Structure formats: structure tokens, C-alpha cells
Amino acid sequence: MTKRHCTVVSDFTIGAFAGYLSNDAGEPKVEASAAAYGDVRATLLDVARARGARPDIAVVWTRPEAVISAYARLISGEPVAREALLGDVADYADALLQFAQHAALTVVPAWVSPPAVTRGMYGGRAGGAADALREMNMELSVRLRERPSVVVLDPSGWLLAAGRRAFATKAWYLGKIPFGDEAFKEAVRDVKAAIIAASGRSRKLLLLDADDTLWGGLVGEEGWQQLRLGGHDPIGEAYLDVQRRLLNLAARGILIGIVSRNDETAVMEALAKHPEMLLRRDAIAGWRINWSDKAKNVADLTSALNIGLDAVVFVDNSPAERDRVRTALPDVLVPEWPSDPLEFPAALDDLRCFDAAALTEEDRGRTQHAGAERQRDERRLMAISYEDWLRELAVRIDARPLDAADAPRAAQLLNKTNQMNLTTRRLTEAQLMEWAASPRRQCWTFRVSDRFGDYGLCGLAGFEAEGDSAVLADFLLSCRALGRGVEQGMLETVLREAQRSGARRVVAHYRQSARNGPCLEFLRSSSASNSGDGTFSFKLARRNGPR
Amino acid sequence: MNSVVDALLAAVVDVNEQLPEGRRLVATTDAILCGDDSVLDSLGFLNFMLAAERRLEDAGFPVNLTALPNPGDPSGPLRSIATLAQYVNEAAVRP
């Protein structure tokens, strides 16, 4: 993956943060440079004006007293009206929104002040610094929300991680560095998670071992009655908290699966019968519970769920199993796992790879969809032929022009879809909406449902007028709906709409990636003429539709 | 002696995490910290001093390096890891 360019704008010396961000070995790689510190509003204008050097990412990290003059007066002891504070925040938010047009992603850490400024009873009262800071941060968040490419991050976790060295008094006086190094390092982790989330590349499947990972004890040996889960037992409570967190992840669209060397019947019985079990069978997208190699099971289940290995996280209490999966499947994220179960919930909390820029309806229904998919597969095995099965499914496709409400999901699809994807072009939500706004372009979304359930928005197609041709910029379909005739339906829509717009042909330039072979196969099997160099052309009749 | 050197070498690692390739200190006692021969600029040197103070404090050798009269003097105790280790050890036994 190529390095992303990041400009860091601040009123204080922020070279350490830029350095940590540049040197961090995790994906995505970032080349960060700190703009000269000082007057932030002037710097924002300078960076925005520097055409040709637009950053992919901007981090704008300020101290509240440096950019909100009313707050500076307030902490100097001057009485300041709430309206004056919020008015200053509104002005600053406007400057940020203007600036944010020039970067694909702008990250803004919320404001903090050292405890000496905000603590005590007075600080929390109306007119106190802590109270003012809360209101200012709320106002800033609300105002910045209007632009999806701007993300406000909460720095309280960074300061907590840095402990008593969160605020660096000495470094401030000597070098205008307000925060300790640990705070900067933690900030890097959240900023990277935000970059991944904004590009729609967050992980979406969490596979876990069962014994001593989801609960304490060996279910096959001891029976579900003896498991440590809940009860008046610190270990049991910790496992229950693990399960609570898993349900929370599932509600955010992360699929939860079990991969365990175990007796499947015993595990299923535990899920069904243990009175304190929170993670019941319907919350689990799939499982491979047998005595086979775990890496094989991880690959097999991931494939069955139509998910790429680079979207998978595998958690196991056994270092040997972790090593096996890590070595065999390098794309799978296998975090180190503590040996003490009391630390398991915190270890789960520490995983930032599930952060998402937005929560869509499709995310919420993902586990349910996986269950419906199992039912479809069962029917498929029973059906006489593939065609009969397709007929039985009764697939419905609803095509609509892309609008703002669907933009988060559309951007997610654009960035995650690999197989049925013509160009694997990756854009942020803001970039996609900007692209689609041109009158020469059309961007269509496709919702799909069948008799087993709703797949949600799972297709996207965009084309651009070039002379008398409509050139496909994007044609992609989530693998969850692949092979059900949906891609043909999408293509028919594209051809019809291109014809309506006056085009005489639709041209698709296939750009090969590591995984988009299915798209090439689809184009080859279509009615398009194939130039042999990856260009496919559909002739459009004036009245009679595609030929 | 070893724990002081260890703390200072840990500070070198700390500060290198912030620095671009080519401007990092070599984690040995010969590493030059200030003067024309050093790879550190003024901010890098300040960050090293702060990291060294933290590491030394954690190791039980609290010192105030930034309070030295001219910390960036290439003939002073902050010339190299070796001279700094000697200074800290002497300060530790001073009554």
C-alpha cells in the first residue's frame, strides 16, 4: 500500500506526534509532516492555498486557549458570556470546514485543558473552565458533523494512557510541547484507526476460540454446567464482559464467529443452555468446531461468509494456535492475547480495527444476513438446479440514484468490494459525493432482497459521459449478492440509463487487481464486444435497448 | 553503572521513535548527543533530555538535565551517552 501524506497543523510543537505517525509500522503507512506551529487559522489558509500539495489526511490539533480567544479570557479569570464562547467556536469550525475541502480526511482532536485549569467544584459550574470546555467541544462536534470527511476524536483515552505524564509541564516551558510522548503515541493509534475507517477498510469478522476465550473451562471435558461464566466469580464476570463486548460489536455490524478445536455438540449445547450465556447461536454468524487445523478452519469459514481474509481478526488464548494462524494466513489480524482472563475485556477494547466511519442499516443487519445466507445454502442443496434455486430466491433489485443518505454505505462498498469490482477505485465518502455531483456523471445504488431477507444496499455503478460514450467508472457488487443474477440486473440498469442520457455505447475498462477476476468473467460472458485489452463495449440502440 | 547506561540507551530508543531515518541516534555509549557531530537538531536534543530524565527517574536516578547551565555545550556532560552516564553516576554518589 502506498504511503498517505498527512499534514499536521497545530498551535504547539507537534513534531513528536508527526514522527510517531510516520514511523508507525502498521498499515496504512503515513508520511506526516508538521506545518510550522503558531497561528492555526493562518496555517489552515496557507495549507489550503498550497495547490498541488493537498494532503490525503490533515490532523488539526489545537489547545482551546490558542484558537478560542473567549476561552483564553475565561481561564485568565475574566467573566465571559456563553454566547461569546460558542460564537468563537462557530467561527473556528467554519475555518476548519473551509480547510477540510482540501483534504480527503481531516482529524480534529477535541479540546482538553490541564487538570489545574478545569478541576474543582468551580470548574464544573456554569461559567467554569470545565463546563465551558464541555460545551465548546459539543458545539465543535455538532458543527463539524456536516462534513463527513471531518472526524472529531476524543483524546481523553490518550491522556489516561499517559498517566501522570499526560501533560508535560517541563516540555511546555522548554519546547512548547504540551503533552507527553505516551499521549502522542496513543493518538497515533486512534488517528490510524480513523484513516482505516474513513477508507472503509476496517475489519468486519471476529473469529474466536471457545474454551478459555469465550468462557472459562473446557466444555467438552467438564460440561456446560461447570463453565466459568458470570456468577459471583471475578473470572466468570470477565468472560461475561467479553461476551457483552462481542454483542456490542455485532450490533455495529461486526460478524462474530467461533473457530474451536472442540466437540461441536458440546459447544452448541453450552450456547443454548448455559443460563448466563449472552452470546447465543443467533448472534454467531458461523462456526467451525472440529478437530481440524485452525488455519484451515479460519480460511474455510471466512470464505463461506464471503469475506476477505484481510477483514478478519482471530482471537485465541493459545499462543501456538495464534502463531499457526498468523503464519498460515498473514492477512488475518491475530492480536497478542493476555494470559489472564481478567484482562480479556480490556484487550478487546484495545482493538481499534473495528472502528467505522458510519453505522449503516446493512451493518446492523449483517449477522441476521449471515443466518439467512445459511438458510439459502441449505435450500440450494435441496433445489433441483441452480436456475430453480435462483427462481425460488425471487431476487428483487431496487436501483436508485446515489443520494446523501446512502453515501456512507456506498463509500463503504466502494472501498471494501474486491471481487465483482471493475476498477477497484477507492474513494472516501466525500470524494465519491464530489465525483457524483457532476452533471456529466451518474451514480446508481442497488438494493437487493429475496424471499429469505434483505441484503441491503450492495451494488454501486457510476458512469461518465465522454463524447457519445458512457464510460463506467465503477461497477461493483458485494459478494453477499454475487451469483444471483444481480450483476446482470445492475448492468441492464446502467445500459438503460446511459441510453436515456443519449449515449450510443457503454464502455467498461476492466482494471485487473489481485481479486477481481469474477468481474472479468462476468464481462466476458456478457453481450459486450471485447477488444482484448480489458476494454468491453456495449452498443446501445436508439430505441430498442442494448444489443 | 549498567542501570544508568540502560536507562540512557532506552531514552535513545524512545527518541528514535520520533525521528526520521538518517537522523536517529545509534544506541551505543559512543552516540554523540550535541554539537556539530550530532545527528540531533535542537528539538531532538531537547526530546532526548526529557526522555533521559524520565528513564533515569524510573530507574531511581532522578536528575535535572535541563537545569544544567549550558546543556548543549559539546564539552559538557551531555556530549555523549558515555559522558552523560558518568555525570549521572557521579551525581548519584555526591553527598
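Select strands E7(A) and E8(A), which pair in the parallel sense over five bridges; strands here are DSSP runs of E with at least two residues, helices are runs of H or I with at least four, both numbered from the N terminus, and two strands count as paired if DSSP finds at least two bridges between them. What you have open is a predicted model, in which local features need pLDDT of at least 70 and side-chain atom pairs count only at pLDDT 80 or more, whereas totals for chains, interfaces and linings use all residues. Residues are numbered from 1 along each chain as its sequence is written, with chains lettered from A and ligands numbered from 1 in the order in which they are written.

Within this pair, highlight A:Val259, which stands opposite A:Arg288 in E8(A).

E6(A) pairs with E7(A) in the parallel sense over four bridges, and A:Leu205 stands opposite A:Leu255 in E7(A). E6(A) is also joined to E9(A) by four bridges, again running parallel, and there A:Leu208 stands opposite A:Val315. With these strands shown together, you have an open sheet of four strands in the order E8-E7-E6-E9 (chain A), with parallel pairing. Its edge strands, each pairing on one side only, are E8 (286-290) and E9 (312-315) of chain A. The twist averages 15° from one strand to the next, with axes fitted as lines to C-alpha atoms (for helices over the stretch in contact) and angles running from 0 to 180 degrees between N-to-C directions.

Now turn to the nonpolar cores, each a set of buried Ala, Val, Leu, Ile, Met, Phe, Trp, Tyr and Cys residues joined through C-beta atoms within 7 Å. The largest has 93 residues, and those with the most contacts inside it are A:Val8, A:Phe17, A:Leu21, A:Ile57, A:Val59, A:Met136 and B:Leu8. Helix H11 (residues 181-198) of chain A supplies the largest share of this core, eleven residues. Apart from it lies another core, of 52 residues, including A:Leu206, A:Leu301, A:Val313 and A:Leu329.

Centre the view on A:Val8: leaving aside neighbours within four places in sequence, its contacts (C-beta atoms, placed from the backbone, within 7 Å) include A:Ile14, A:Phe17, A:Val59 and A:Trp61.

A further stop is A:Pro55, in the loop between helix H2 (40-49) and strand E3 (57-61) of chain A. With 23 C-beta neighbours inside 10 Å, A:Pro55 counts as buried. Not counting residues up to four places away in sequence, A:Pro55 touches A:His5, A:Cys6, A:Thr7 and A:Ala103. A:Thr106 is 51 residues from A:Pro55 in sequence, yet the two are 9.4 Å apart in space, C-alpha to C-alpha.

Finally, show both chains: twelve residues of chain A are in contact with ten residues of chain B. On the chain A side, the elements giving two or more residues are helix H1 (15-23) and helix H10 (169-175), and H1(A) gives the largest share, six residues.

How values were computed. Two residues are in contact if their C-beta atoms, placed from the backbone, lie within 7 Å. A residue is buried if 20 or more other C-beta atoms lie within 10 Å of its own, exposed if 12 or fewer, and partly exposed in between; C-beta atoms are placed from the backbone.
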